Amino acid sequence: AARAVVGSGVVSAALGLLAIALSNGAQSGVAVTAALPLFFAVYWLIEAFGVDAAAGLVGRSGCRPLMRAVSGFTFPAWILYAVLGLVEALALRAGSGAGSGAASALEWLTLPVLGWFLVLSVYAIRAVYRVSALNAFAFALMPYAMLTLAILLLSIARSEEHTSELQSHHD
């Protein structure tokens, strides 16, 4: 499963970097795109931890290793997302007019791919924890909630740090 996660990250990163190069995209996206294998691995671990913790609320925890083994095979869906991004970059490179319309249509096609990843996650959770579809869907959202909380806490900490710097300069 770890190979599927990291392999999906490597392929997605390569396709993403190619898309950036073809579309003369912002260089700021290069570092984030190159780090996709790391991001995928971190998300995969957070997902297993968060889902297992949520499953504990319904008395079904303790399956974290099995969850990692099963959920790792949901990540190849991200390769399709990267392929669509590459085709979108090619459409943008083809020029304005029909190229930009095609790029816009391809951009909208990425949304069902994101949904498909979520559906695969729900199936993985149901298979491992034997919970209802609604509980599995709620559990599948746990990593997003955890990441959002982490970003919020980091933002608050940074804001407090910035405020204290301003106050020390003011005094």
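A nonpolar surface patch of about 360 Å² is formed by Val32, Leu38, Phe39 and Val42 in this predicted model. Patches comprise residues with over 30% relative accessible area and no salt bridge, nonpolar side chains being joined within 5 Å and like charges within 9 Å; a salt bridge places a side-chain nitrogen of Lys or Arg within 4 Å of a carboxyl oxygen of Asp or Glu. Accessible areas follow the Shrake-Rupley method with a 1.4 Å probe. Helix α3 (residues 36-56) contributes the most to the patch, with 3 residues; helices are DSSP runs (H or I) of at least four residues. Leu38 lies in this helix, α3, and is classed as exposed (over 50% relative accessible area) because its relative accessibility is 54%.

The model being predicted, local features require pLDDT of at least 70 and side-chain atom pairs pLDDT 80 or more, whereas totals for chains, interfaces and linings use all residues. Residues are numbered from 1 along each chain, and side-chain values use heavy atoms, without hydrogens or water.

The whole structure contains 8 aromatic pairs, defined by ring centres within 6.5 Å (planes under 30 degrees apart stacked, over 60 edge-to-face, the rest tilted). Phe40 and Phe75 form a tilted pair, since their centres are 5.6 Å apart and their planes meet at 50°. This pair joins helix α3 to the loop between α4 (64-71) and α5 (77-93), across 35 residues. Both Phe40 and Phe75 are buried (under 20% relative accessible area). Phe40 also forms a tilted pair with Trp78, at 6.1 Å and 45°. Trp78 lies in helix α5, so this pair ties together parts 38 residues apart in sequence. Ring pairs link Phe40, Tyr43, Phe75, Trp78, Tyr81, Phe117 and Tyr144 into a cluster.

Conventions. Helix = DSSP H or I, 4+ residues; strand = E, 2+ residues; numbered from the N terminus. Buried < 20%, exposed > 50% of the residue type's maximum accessible area, 1.4 Å probe, protein only. Phe/Tyr/Trp six-rings, centres within 6.5 Å; stacked < 30°, edge-to-face > 60°.
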